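Have the coordinates open and follow along.

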Amino acid sequence: MQTLTTILVSLVALEHLYILYMEMFAWETLGKKTFKGSLPDELFKPTKKLAANQGLYNGFLSAGLIWSFFIENPEWKTNVQIFFLGCVIAAGVYGAVSASKKIFFVQALPAILAFAPVLLQ
């Protein structure tokens, strides 16, 4: 169970590092491809700073999940993973309701799948 938990939490952390990169450093290229149809092309340049801010928050989520791998106390490790996965789930659900249903499947669902084995540890 520990191996499965580590793999799933790692995948969520890596996904949010990717989102950090896309939103902070590749908004007008990779971001434009990723959000094609959701946002008109002419809005990517003026929203670059807003996207970078969002990317930073995604980086914090990733950092928290990565930090959990260095915590030796099992109870604290679980609590930190629950907190940061809960934040990812909340952000994914909010994004699905407010922006695009696709966000639920891309962001919230992987975190939900990681959340279950964390709780069962």
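K32 sits in helix 2. Helices are DSSP runs of H or I with at least four residues, numbered from the N terminus. Setting aside neighbours within four places in sequence, K32 is in contact with W27, D41 and F44, where contact means heavy atoms within 4.5 Å. K32 and V12 are 20 residues apart in sequence, and their C-alpha atoms are 22 Å apart in space.

A word on the ground rules before we go on. This is a predicted model, in which local features need pLDDT of at least 70 and side-chain atom pairs count only at pLDDT 80 or more, while totals for chains, interfaces and linings use all residues. Residues are numbered from 1 along each chain as its sequence is written, and side-chain values use heavy atoms, with hydrogens and water left out.

Now follow the chain to T47, in the loop between helix 2 (27-34) and helix 3 (48-68). T47 is buried, with a relative accessible area of 18%. A polar atom of the T47 side chain lies 2.6 Å from the backbone oxygen of L43. Apart from residues up to four places away in sequence, T47 touches W27 and L39.

Next comes helix 1, residues 2-25. The 24 residues of helix 1 reach 34 Å from first C-alpha to last, close to the 34 Å expected at 1.5 Å a residue; the expected span is 1.5 Å times one less than the number of residues. The buried residues of helix 1 include T5, V9, V12, A13, H16 and M22. Which helices do the buried residues of helix 1 pack against? They pack against helix 2, helix 3, helix 4 (74-98) and helix 5 (102-120).

Let's look at two of those partners in turn. Helix 1 and helix 2 pack at an angle of about 120°, with their axes 7 Å apart. Axes are lines fitted to C-alpha atoms, for helices over the stretch in contact, and angles run from 0 to 180 degrees between N-to-C directions. Helix 1 and helix 2 are therefore oblique to each other: angles under 35 degrees count as roughly parallel, over 145 as roughly antiparallel, 65 to 115 as roughly perpendicular, and the rest as oblique. Helix 1 passes helix 2 in a left-handed crossing, meaning that the near helix is turned anticlockwise from the far one by less than a right angle; clockwise would be right-handed. On the helix 1 side, Y18, Y21, M22, E23 and F25 meet W27, L30, G31 and T34 of helix 2.

With helix 4, helix 1 makes an angle of about 40°, and the axes are 12 Å apart. This pair is therefore oblique too, and helix 1 again passes its partner, helix 4, in a left-handed crossing. Here Q2, T5, V9, V12 and H16 in helix 1 meet K77, Q81, L85 and V88 in helix 4.

Turn now to helix 3, whose 21 residues reach 31 Å from first C-alpha to last, close to the 30 Å expected at 1.5 Å a residue. Its buried residues include A51, G55, N58, L61, S62 and L65, and what covers the buried residues of helix 3 includes helix 1, helix 2, helix 4 and helix 5. Is S62 buried or exposed? S62 is buried, with a relative accessible area of 0%. A polar atom of its side chain lies 2.8 Å from the backbone oxygen of A13. S62 also touches H16 and L17, not counting residues up to four places away in sequence.

Helix 3 and helix 4 pack at an angle of about 160°, with their axes 9 Å apart. That makes helix 3 roughly antiparallel to helix 4. The contact includes F60, L61, G64 and L65 of helix 3 and V80, Q81, F84 and L85 of helix 4.

We finish in helix 5, the place of V118. V118 counts as buried because its relative accessibility is 0%. Leaving aside neighbours within four places in sequence, V118 is in contact with T5, V9, T78, Q81, I82 and L85.

Note on methods:
Helices (H or I, at least four residues) and strands (E, at least two) are DSSP runs, numbered from the N terminus. Buried means under 20% relative accessible area, exposed over 50%, partly exposed in between (1.4 Å probe, protein chains only). A polar contact is a pair of N or O atoms within 3.5 Å; within protein, one must be able to donate a hydrogen and the other to accept it, and residues adjacent in sequence count only if both atoms are side-chain atoms.
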